[in-house]
Amino acid sequence: MVKIRSLTVLPILPVLPLLPVLAVLPVLPFLFVRVSTQMPSIPPVGSRAPIYNYTVVHSYPHDAEAFTEGLEFRDGFLYESTGLNGRSSIRKVKLETGEVVQNRNISRDYFGEGITFWKDDLFELTWNSQIAFVYDAKTFASKKSFDYKGEGWAMTHDADGLIMSDGTAELRFIDPASFKERRRITVTDGGVPIKYLNELEWIKGEIFANVYTTDYIARIDPSSGRVTGWIDLRGMLPRQNDGNTVANGIAYDAAGDRLFVTGKYWPKLFEIRIARRP
């Protein structure tokens with residue numbers, strides 16, 4: 001049986017054991033280097049997809065200790081998942097202040113990854129344990145779990161079901177009732193597969209995806225997998241080039257038509273407006 005710590009509502013996160021964190025931290029720079037050496041230039045040579053610049057509309061406080069893996073906006077609050085064994089959690093956060101008003105820590109056996117909502121459920125992936133957890137969206141109480149093959153990186157959803165990334169250039173479309181794969185697409189630009197698709201968000205009929213190790217968000221046609229545009233986030237926040245502080249986190253407020261972005265260990269979350277580069 002999977003043991004998950006009980007729900008806690010805390011304004012300050014508890015201090016967690018350091019040993020599990022130290023065990024995984026050396027893996028992350030290695031993963032970053034491996035991905036960087038295999039990554040084609042972004043946008044790839046031959047790309048004809050338009051590039052979008054950003055303007056910061058507003059900045060908000062963000063927990064600089066949060067290794068952000070998933071980000072959602074729902075009913076006026078941000079919902080965030082964090083990674084690393086021994087530090088993984090799902091949390092409900094006040095946008096304006098960054099205060100964590102609801103938190104559930106995940107067993108140190110699991111490296112938490114992306115999250116998304118489906119009706120009254122909150123789904124969460126794990127990096128390499130091949131298990132997805134399902135919680136009650138309001139209480140974070142555990143409901144069930146599903147197995148899947150391969151790695152789990154990020155999730156979002158459309159009107160029909162869940163969409164999942166696994167670190168490759170492919171996106172899987174998942175039945176939320178059974179977690180069975182319905183179909184998949186390969187994401188490409190100029191004929192080049194775009195690997196390492198990370199945090200995902202469904203926005204106005206497109207899939208937005210951070211590309212790990214880069215400061216770019218890919219806009220993806222969910223039917224063909226073709227990249228329809230690139231959002232250039234360079235210069236938003238100074239970062240180390242080690243894979244631990246990269247841009248990762250996209251949330252969309254459909255009612256207010258607001259786009260939010262952040263990153264791993266970023267002290268700020270940004271509301272941005274994008275415009276096509278001339």
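Ser165 is found in strand S11, residues 162–165. This is a predicted model. Ser165 has a relative accessibility of 0%, so the residue counts as buried. Its side chain reaches the backbone oxygen of Leu197 at 3.1 Å. The points below cover an open sheet, a cavity, a hairpin, a loop glycine and a pocket.

**The S2-S3-S4-S5 sheet**

- Four strands make up an open sheet, ordered S2-S3-S4-S5, with antiparallel pairing.
- S2 (68–74) and S5 (100–105) are the edge strands, and each of them pairs on one side only.
- On average, neighbouring strands of this sheet are turned by 15 degrees against each other, direction ignored.
- Six bridges link S2 with S3 (residues 77–82), again in the antiparallel sense.
- Within that pairing, Thr68 has Thr82 of S3 as its bridge partner.
- In general, strands of a sheet pair through backbone hydrogen bonds, in a parallel or an antiparallel way.

**The second largest cavity**

- The count of cavities of 30 Å³ or more comes to two.
- The second largest cavity has a volume of about 90 Å³.
- Its lining holds 13 residues, and Pro61, His62, Glu80, Val93 and Gly98 are the closest to the centre.
- S3 and S4 (89–94) each supply at least two residues of this lining.
- S4 gives the most, with three residues.
- By class, the lining of this cavity divides into seven nonpolar, two polar and four charged residues.

- S20 (residues 247–253) is mostly covered, and seven of its seven residues are buried.
- S20 and S21 run antiparallel and are joined by five bridges.
- Ala247 stands opposite Gly263 in S21.
- The two strands form a hairpin with four residues between them.
- Asp257 sits in the turn and has a positive phi of about 50 degrees.

**Gly205 in its loop**

- Gly205 lies in the loop between S16 (197–203) and S17.
- The relative accessible area of Gly205 is 35%, so this glycine is partly exposed. The class runs between the cut-offs of 20% and 50%.
- Gly205 and Asp221 are 16 residues apart along the chain, and their C-alpha atoms are separated by 7.9 Å.

**The second largest pocket**

- The second largest pocket holds about 270 Å³ of space.
- It is lined by 14 residues. Lys204, Tyr252, Asp257, Leu259 and Ile274 lie nearest the centre of this pocket.
- Three strands each supply at least two lining residues: S17 (206–211), S21 (258–263) and S22 (268–276).
- S22 has the largest share of the pocket lining, with four residues.
- The lining of the pocket divides into seven nonpolar, no polar and seven charged residues.

Note on methods. Residues numbered from 1 in each chain as written. Predicted model: local features only at pLDDT ≥ 70, side-chain atom pairs only at ≥ 80, totals over all residues. Heavy atoms only, no water. 1 Å grid on protein atoms, 1.4 Å probe; cavity = no way out; pocket = protein on both sides within 12 Å on 5 of 7 lines; lining within 4 Å. Points joined across faces, edges and corners; volume = space filled by probe spheres on them. Nonpolar A, V, L, I, M, F, W, Y, C, P; charged D, E, K, R; others polar. Pairing = 2+ DSSP bridges. Axes fitted to C-alpha atoms, helices over the stretch in contact; angles between N-to-C directions. Buried < 20%, exposed > 50% of the residue type's maximum accessible area, 1.4 Å probe, protein only. Polar contact = N/O pair within 3.5 Å; in protein donor to acceptor, adjacent residues only side chain to side chain.
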